[in-house]
Amino acid sequence: VIKCKAAVAWEAGKPLSIEEVEVAPPKAHEVRIKIVATAVCHTDAYTLSGADPEGCFPVILGHEGAGIVESVGEGVTKVKKGDTVIPLYIPQCGECKFCKNPKTNLCQKIRITQGKGVMPDGTSRFTCKGKQIYHFMGTSTFSEYTVVADISVAKIDTAAPLDKVCLLGCGISTGYGAAVNTAKVEPGSTCAVFGLGGVGLAVIMGCKIAGATQIIGIDINKDKYAKAKEFGATECISPQDSKKPIQEVLVEMTDGGVDYSFECIGNVRVMRAALEACHKGWGVSVIVGVAAAGQEISTRPFQLVTGRTWKGTAFGGWKSVDSVPKLVTEYMSKKIKVDEFVTHTLPFDKINEAFELMHSGK
């Protein structure tokens with residue numbers, strides 16, 4: 001058993017608490033990882049807020065991390081002690097019907113136990129003050145050591161800087177993949193990206209790499225426009241600057257609507273606007289943001305009858321074990337940006353400050 005520091009969420013709506021936890025050794029088909037760097041994501045904040053129907057407490061949150069394999073359980077063949085890895089919140093077992101189908105990346109092998117905050121055998125590897133602590137998204141990267149299923153880990157280039165590539169565990173991969181895998185943006189196309197946080201910037205990057213010629217960034221926070229343009233946005237607009245609904249503004253700006261739109265906020269009203277901003281006949285809108293529990297989307301069916309397509313994406317459609325190492329290689333060869341997404345680097349015990357910076361849009 002390893003004793004180490006972790007940021008424990010004891011209950012919903014309360015700040016994280018840095019505690020000494022015990023991390024049990026990995027069982028069969030499990031891997032124990034020394035986490036070197038982790039990022040914070042709105043999904044962690046969503047669960048911490050208490051709005052997540054799957055949220056269990058006390059829990060160790062975190063799902064964008066990178067580290068070194070400390071030990072492996074019996075039967076683990078794909079990684080060994082000392083390997084550099086990224087934990088994966090969407091695993092890839094290679095055996096279930098989802099993994100065998102090229103149309104999806106949503107491996108279901110451990111979905112039920114992962115959603116309940118436990119390892120595939122139904123138990124936890126974390127304890128603190130004599131209490132069992134739940135796992136989160138199969139990763140729990142807000143701990144100096146974590147245990148994950150062997151199908152939830154990608155072995156990556158040992159030369160990769162872990163404080164950067166940890167971001168490929170969720171946000172950057174999600175946005176980039178939404179553009180290149182889910183929407184399949186084509187050269188010369190027009191795109192609109194709603195929400196210019198980390199995921200939105202990654203969508204813009206993907207649209208640019210795919211050859212889009214017009215990329216419109218949409219956000220009410222104008223402080224985000226300069227960064228969006230750095231990533232490839234050709235212009236940025238705020239819905240608050242017009243009396244007309246934003247979809248009407250976009251339809252006028254683009255001679256009938258955009259070819260591709262992306263909702264990167266998790267707001268169901270914005271999802272509708274993103275669909276209705278698409279061009280009749282061929283426009284495709286991709287939902288990337290996660291809406292709160294129980295919310296529903298709506299539009300007039302005529303929007304779809306007249307040739308628009310509504311899609312969604314999780315982790316950008318990447319088959320995780322296969323794709324994450326390739327994404328790291330793309331970063332190392334400067335095909336995709338990663339460093340530019342990092343605004344602040346804080347010591348682990350300042351993790352609550354990191355959440356404050358995220359909530360304030362900084």
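Q: What makes strand β1 (residues 2–9) largely enclosed by the rest of the structure?
A: Six of the eight residues of β1 are buried, so the strand is largely enclosed by the rest of the structure; here buried means under 20% relative accessible area, exposed over 50% and partly exposed in between, with a 1.4 Å probe and protein chains only. Strands are DSSP runs of E with at least two residues, helices are runs of H or I with at least four, and both are numbered from the N terminus. This is a predicted model, in which local features need pLDDT of at least 70 and side-chain atom pairs count only at pLDDT 80 or more, while totals for chains, interfaces and linings use all residues. Residues are numbered from 1 along each chain as its sequence is written, and side-chain values use heavy atoms, leaving out hydrogens and water.

Q: Why do β13 (235–237) and β16 (309–312) count as edge strands?
A: The open sheet has six strands in the order β13-β12-β11-β14-β15-β16, with parallel pairing. Each of β13 and β16 has a single partner strand, so one side of each is left without a neighbour in the sheet. The twist averages 20 degrees from one strand to the next, where axes are lines fitted to C-alpha atoms (for helices over the stretch in contact) and angles run from 0 to 180 degrees between N-to-C directions. For β13 the partner is β12 (residues 214–218), joined to β13 by three bridges, and I218 has I237 as its bridge partner.

Q: What makes helix α6 (residues 198–209) a helix that packs on the sheet?
A: Helix α6 touches β11 (190–194), β12 and β14 (260–263), contact being heavy atoms within 4.5 Å. The direction of α6 makes about 170 degrees with that of β11. Helix α9 (residues 268–276) also packs on the sheet, touching β11, β14, β15 (284–287) and β16, and its direction makes about 175 degrees with that of β14.

Q: Why is Q247 called buried?
A: Its relative accessible area is 16%, and that value is under the 20% limit, so Q247 is classed as buried. Q247 is found in helix α8 (residues 246–253) and touches A273, E276 and A277, not counting residues up to four places away in sequence.

Q: Why is the aromatic pair of Y176 and W318 called tilted?
A: Rings of Phe, Tyr and Trp (its six-membered ring) pair if their centres lie within 6.5 Å, and planes under 30 degrees apart count as stacked, over 60 as edge-to-face and the rest as tilted. The pair has 5.7 Å centre to centre and 35 degrees between the planes, so the distance meets the limit and the angle falls in the tilted class. Y176 lies in helix α5 (residues 171–183) and W318 in the loop between β16 and α11 (320–332), so the pair ties together parts that are 142 residues apart in sequence.

Terms used:
Pairing = 2+ DSSP bridges.
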